[in-house]
Amino acid sequence: MTKLEVKTSLLDNMIGVGDSVLLETLTEDTFLENLKKRFDHGEIYTYIGNVVISVNPYRHLPIYTPEKVEEYRNRNFYELSPHIYALADEAYRSLRDQDKDQCILITGESGAGKTEASKLVMSYVAAVCGKGAEVNQVKEQLLQSNPVLEAFGNAKTMRNDNSSRFGKYMDIEFDFKGDPLGGVISNYLLEKSRVVKQPRGERNFHVFYQLLSGGSEALLKQLKLEREFNQYNYLGLDSAKVNGVDDAANFRTVKNAMQIVGFMDDEVELVLEVVAAVLKLGNIEFKPESRMNGLDESRIQDKNELKEICELLGQDQAVLERAFSFRTVEAKQEKVSTTLNVAQAYYARDALAKNLYNRLFTWLVNRINESIKAQIKVRKKVMGVLDIYGFEIFENNSFEQFIINYCNEKLQQIFIELTLKEEQEEYVKEGIEWTHIEYFNNAIICELIENNTNGILAMLDEECLRPGTVTDETFLEKLNQVCAVHERFESRMSKSSRFLNDTTLPHTCFRIQHYAGKVMYHVEGFVDKNNDLLYRDLSQAMWKTNHMLVKTLFPEGNPAKMSLKRPPTAGSQFKTSVATLMKNLQTKNPNYIRCIKPNDQKAPHVFTEALVCHQVRYLGLMENVRVRRAGYAFKQPYEPCLERYKMLCSQTWPHWRQGARNGVQVLLTELQIPPEEFSYGRSKIFIRNPRTLFELEDLRKRRLEDLATLIQKIYRGWKCRTHFQLMKKSQITISAWTKRHFQRKKYLHLKSVTLLIQSYIRGWKARKLLRELKHQKRCEASATTIAAYWRGFQARRELRRLKEEARRKHAVAVIWAYWLGLKVRREYRKFFRANAGRKIYEFTIQRIIQKYFLELKKKLPSMSPTETTWPARPYLFLDNTHIELKRIFHLWRCKTYRDQFTAQKRAIFEEKLEASELFKDKKALYTNSVCQPFQGDYLEISKNPRYQKLTAAVEEKILLADVVNKINRANGKGAPRIFLLTQSKFIIADQKSGQIKSTVPVMDITSVSVSKQTDGLFAVHLKEGSAAAAKGDFLFTSDRLIEIITKLYRTIFFKTNQKINVVIDNEFLVQFNQDKVCVKFIQGAQKNGNLPTCKRKNNRLLEVTVP
Ligand SMILES: Nc1ncnc2c1ncn2[C@@H]1O[C@H](COP(=O)(O)OP(=O)(O)O)[C@@H](O)[C@H]1O
Ligand SMILES: [Mg+2]
């Protein structure tokens, strides 16, 4: 969007004059005429120098658009037609650029447009200051605090449909860039009496109507409210609806604003509950009741409302009811309770409602402050906007109006101080030629009200604190005594006769001639309102509620924090806060907006001259114009002035060392500014016309631009140079690196190519050499082959020849031998006997056998019986002999081997032989036993002292002593027992003690049974009827089964010469007592080593599990 180039000026298209200072002839008439003319043309703003006069148009004007904001942004004050935006812009820029805290003071009577003006200023500042999400949120919160405060603090009055019923001063805080950081709102004295009573034609605070009109059914039900206004005593009926005001819509706006400002949903709820409670308090009514002792008492008429209030506030109904019926006075440990009569009860009720609402309002302001306060702790620049209730004159003026008007007096005072008094005094002090301009100084009125000893407020306080009966009348009397002589105080009762006959002044009133007119105050209620008394019972009752908010609103109700000291009176509180405010304002640069109300009908286009004239007079605007016309628009000490403009003159720039004043003189002379445009004060330069100042500013701006250009030029030159140098350096570096890179690449390429060629050539050469060598080798090989063939051929030929020769020689020899043989046989035939051949034959055979034996003797194998080798047979005809000889030799060898044995060893072998005969290939356990020598006595019981008795019992030689497991006949479990075998018996004894358990003569043994498997279980069957067989056959297990049975077998054989039967089978019968039991062997899993496990299954069966 192209920015609209606006070329308007204060002087362009001017209706009347924009700045009253420019009026040709200055009289009250011309001044008013100018205002009226401008007003009629919709120009509601007019300047007096830098003060803005604003006349309320009572209609919407199209001069607050965003385009207008842009137009006034960053423009000089007098550049464009007068506007509140120009003032706001000036203040904002001054704050941002010159670091001066600002305040915008907006004055005027009620309905003159102050609140609107303050909002315009704030919205302008919001529009022009920084942007960004965070800043926007701050702005939004600052702006949205307005609707909330207006709902709770504004009301319709006779003068203004949206009259502020509280004073508001808002500090907006900015950072060094001019971005808003947050704000602080101070509120001044809410007109709380409005909560319980409104003058005719006026309304209560907006929020009540908004809540009832805009609250949803559910909300109203929750708050126990009815929608009709007429249900509530506290809502004035005659103007419940205001034209052009949509309370319901406003309620939504307020709720929305509360949300933006940062109120939690439950906080809003709490606030509305308090509002509802206040409204309902008005409906509590009392009826009188007389007691026996004559004291007046009151009773609540309908307790339903009370009950609902208590429900809303989480209050015990009895507590509140009591607080409405009694009043407890505490003084020095003493507590006195008195009953309240009906009037007192109503008073208590209203006081509670007022206090509740007032405290809620203060809480709201604090809560808003909490939300909008600046989050960062940096030095802040501040713009304060003061929108305080305007001067008020009603038919019936009370304490509130008195306070409001006092405040306005103070503001007028500060205006006078800064614009009229101080300015004039300064001219004199600075030695500027000056004719004094008269004006009315309202200090005298301020004095009348606020003087600490005899001011009206001091009198009121004194009266309130005085013991004895105090009424409004006694207060008036006191005023009459003390203030009667004051020229601005009027009273019928005063001794001064001036007003004795003034019938317009009732006896219950006093009148003050304010700067803005005479106001008659009714003293009724002054004392109460100043006291602002809330019975302690009520504040304590409120503190006891369960309502989070209400509880915090009445901290003094906490018995722990109760103090007997009186709180400061409303008047003195207000006086202090106004004094603080004034002090605060004086530290800031003031900007004035003076609002004027053109008519009393709130009507557009109506300019009631008399009304305006009155305001112009009391606002001191004429004097203001006069001082402005005669005075100077701008003043500044020499040093900052020189500092600011010294760049405009070659002599003062950049350094001036001959005093600031001289510097400014040189500067202004060189700039050729007409001498009547300025005056030299003692410490300050005074510039008459703003335009001169703006000219200076423009020059400065242009010069600054030049300077900026210069700096820019040098900087750019420097930047370009350094950039260029850097680029050059970089270029050299880069090219060096590039060249290096390419050379390196080329070199590497060449190197690799050379290496390749080299390798090819070397390869080629090597291959050539290889070929040659191969060829040579082949040649050599073929020569050798040929030679070999040749030699082979020759050798074979030679061999053949030799063989042939040998054959021939042999043949010759054979033939020769035959021939010789033949010849010999022919010769000797006659000498041979007939049996000579046989003898030769026998001789030859004998010789051969002789040779055979001699050779066999040499070659005989070893004497080991296990040896199986035998020399080879040399002659076929000796075959049988040879085998027979082998057999004989073996037998002989075995005999010699046997002959070496001792008798003992022989016995052992005999036993082993016996065992082999008994068990070999019959019982699997046998193979294990082959390599075990049969030791017999394994225990050596005679050497063991434990077995002494046992040794004694056995007289014979022990053949076998070992530990066996005796199987219990009944259950099959085994128990270790010593098994001793002698030549005639075997003995079973306890292993530990050696005690003999059984002795069995071997004669009684009939047979023995074992399994075919690897187990060591055996049964010894006994002769039936023998002594040993009483219990039945024995069952044992032992690893040495083979040895035991063999020994048993042999022993029995030696004793009886009978071979007992050894049964080898996997199932056999045994005799236990009377039973024949079958012992059955089955294959099972390995359990405890290799031992079989026996289990007596039943009478007939004992099962042995063999692993
Ligand atoms: N600049 C304006 N443009 C249009 N209407 C205005 C303007 N200033 C004031 N008003 C009207 O005048 C009424 C009263 O103004 P307000 O600022 O509330 O007065 P004050 O705060 O001085 O009592 C506003 O409600 C509005 O209708
Ligand atoms: Mg207002």
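**Checking the terms**

Tutor: Pro654 is found in the loop between helix H24 (638-645) and helix H25 (660-670). Helices (H or I, at least four residues) and strands (E, at least two) are DSSP runs, numbered from the N terminus. This is a predicted model, in which local features need pLDDT of at least 70 and side-chain atom pairs count only at pLDDT 80 or more, while totals for chains, interfaces and linings use all residues. Residues are numbered from 1 along each chain as its sequence is written, chains are lettered from A and ligands numbered from 1 in the order in which they are written, and side-chain values use heavy atoms, leaving out hydrogens and water.

Student: Is the peptide bond from Trp653 to Pro654 cis or trans, and how do you know?
Tutor: That bond has omega near 0 degrees and is cis. Most peptide bonds are trans, and most residues other than glycine have a negative phi.

Student: What makes the phi of Tyr58 worth noting?
Tutor: Tyr58 is not a glycine, yet its phi is positive, about 55 degrees. Tyr58 sits in the loop between strand S2 (51-55) and helix H2 (66-72). Lys602 also is not a glycine and has a positive phi of about 55 degrees. Its place is the loop between strand S16 (589-596) and helix H22 (609-618).

Student: Why is Lys602 called partly exposed?
Tutor: Buried means under 20% relative accessible area, exposed means over 50%, and partly exposed is in between (1.4 Å probe, protein chains only). Lys602 has 22%, so it is partly exposed.

Student: Is Ser1026 buried or exposed, and how do you know?
Tutor: Its relative accessibility is 13%, so Ser1026 counts as buried. Ser1026 is in the loop between strand S25 (1017-1022) and strand S26 (1034-1037). A polar atom of its side chain lies 2.8 Å from the backbone oxygen of Lys1023. A polar contact is a pair of N or O atoms within 3.5 Å; within protein, one must be able to donate a hydrogen and the other to accept it, and residues adjacent in sequence count only if both atoms are side-chain atoms.

Student: What makes Asn56, Gly111, Lys114, Thr115 and Asn160 stand out around ligand 1?
Tutor: Those residues come nearest among the 15 around ligand 1, where a residue is near if one of its heavy atoms lies within 4 Å. A polar backbone atom of Gly111 is 2.6 Å from an oxygen atom of ligand 1. For Thr115, a polar side-chain atom is 2.7 Å from a ligand 1 oxygen. The protein buries 83% of the 550 Å² that ligand 1 exposes when taken alone. Such areas come from the Shrake-Rupley method with a 1.4 Å probe; for residues, only the protein chains shown count as cover.

Student: How do you know that Lys381 and Asp99 form a salt bridge?
Tutor: A salt bridge is a side-chain nitrogen of Lys or Arg within 4 Å of a carboxyl oxygen of Asp or Glu. For Lys381 and Asp99 the N to O distance is 3.8 Å, so the pair qualifies. This pair links distant parts of the chain, 282 residues apart: Lys381 is in strand S12 (residues 381-387), and Asp99 is in the loop between helix H3 (84-98) and strand S3 (102-107). Lys381 is buried at 6%, whereas Asp99 is partly exposed at 40%. By this rule the count comes to 60 salt bridges.

Student: How far apart are Lys119 and Glu116 along helix H4?
Tutor: They are three residues apart in helix H4 (residues 114-128), which means a separation of about one helical turn.

Student: Why is Glu392 called buried?
Tutor: Its relative accessibility is 0%, so Glu392 counts as buried. Arg165 is also buried, at 0%. Salt bridges that share partners join Arg165, Glu191, Arg194, Glu202 and Glu392 into one network. One of these bridges pairs Glu392 with Arg165 at 2.6 Å, N to O.

Student: What makes Leu710, Ile711, Ile714, Tyr715 and Trp718 a patch?
Tutor: Patches are made of residues with over 30% relative accessible area and no salt bridge; like charges are joined within 9 Å, nonpolar side chains (Val, Leu, Ile, Met, Phe, Trp, Tyr) within 5 Å. Trp718 has 45% relative accessibility, so it is over that area limit and counts as partly exposed. Trp718 lies in helix H26 (residues 690-828). The nonpolar patch on the surface has about 540 Å² of accessible area together.
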